[in-house]
Amino acid sequence: MALSRRCLVLAGAVLALHCACGAALAASSEAARVVETFHAKLIAVMQAAGALGFDGRMRELSPAVAATFNFPLMARLSVGPEWQRFTPEQQQQFVDLFGKYSAATYAGRFDGFNGERFETLGEKPQQGGSIVVETKLVMPTGEPVKLAYLAARNGAAWQIVDVFVNGTISELAVRRSEYTAILRREGPSGLIATLTRKIDELQSKS
């Protein structure tokens, strides 16, 4: 829970959005629509997963994740203060790889359809103007998986900046912990090489 709270505060601080609570509530349906549009795309890809294969799922999901997630911000937050050690070329390369790895992860996880569905549960405005969209993935058997999306404005659009699994596990905080350890050992070039290797491994498992 501590990791989740810290990630929420960090994202809100970086975004520096000082909207009033009423304004956030008025805009909350826009954030929910971003999440629901992405969920609809995931379901469509799951339903055609076999015919598409991994590469096809990647092609279908790559533009969807790029539109849904604020990868430049997420990449920077996942690295933290070490971001200043990256050259401008390394920063751009890492942002590109961060987005590609996210698409590859979704393509690997959502590789079939057995009647799953997503449900939107509600929205919670956060300090600084961001919004948490609470949802769940309902499966034919087993407990549903709770997925909470932290969304914030990026210019005129709402985009996701973090995902919390079962309400407590921040994907951004998990990545930051992993990336910090790699940066300490191998520096920016080592982290870029690691992310490239992870993408290759996901593709090879397809």
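Helices here are DSSP runs of at least four residues, numbered from the N terminus. In this predicted model, the helix called α2 spans residues 21–47, and His 39 lies within it.

With a relative accessible area of 4%, His 39 is buried, because buried means under 20% relative accessible area. Leaving aside residues up to four places away in sequence, His 39 touches Phe 118, Thr 135 and Tyr 149, and with Tyr 149 there is also a polar contact of 2.8 Å between the two side chains.

The buried residues of α4 are Phe 71, Leu 73, Met 74, Ala 75, Leu 77, Ser 78 and Val 79. At the start of this helix, a side-chain oxygen of Asn 70 comes to within 3.2 Å of the backbone nitrogen of Leu 73, while just after α4 the residue Gly 80 adopts a positive phi of about 75°.

Two packed helices are described by the angle between their axes and the distance between the axes. The axes of α4 and α6, the latter formed by residues 171–204, come within 7 Å and cross at roughly 75°, and the two helices are therefore roughly perpendicular to each other. On the α4 side, Met 74, Leu 77, Ser 78 and Val 79 take part, meeting Leu 172, Arg 175, Arg 176, Tyr 179, Leu 183 and Leu 191 of α6. Sorted by class, this contact has seven nonpolar residues, one polar residue and two charged residues.

Technical notes:
Residues numbered from 1 in each chain as written. Predicted model: local features only at pLDDT ≥ 70, side-chain atom pairs only at ≥ 80, totals over all residues. Heavy atoms only, no water. Buried < 20%, exposed > 50% of the residue type's maximum accessible area, 1.4 Å probe, protein only. Polar contact = N/O pair within 3.5 Å; in protein donor to acceptor, adjacent residues only side chain to side chain. Contact = heavy atoms within 4.5 Å. Axes fitted to C-alpha atoms, helices over the stretch in contact; angles between N-to-C directions. Parallel < 35°, antiparallel > 145°, perpendicular 65-115°, else oblique. Nonpolar A, V, L, I, M, F, W, Y, C, P; charged D, E, K, R; others polar.
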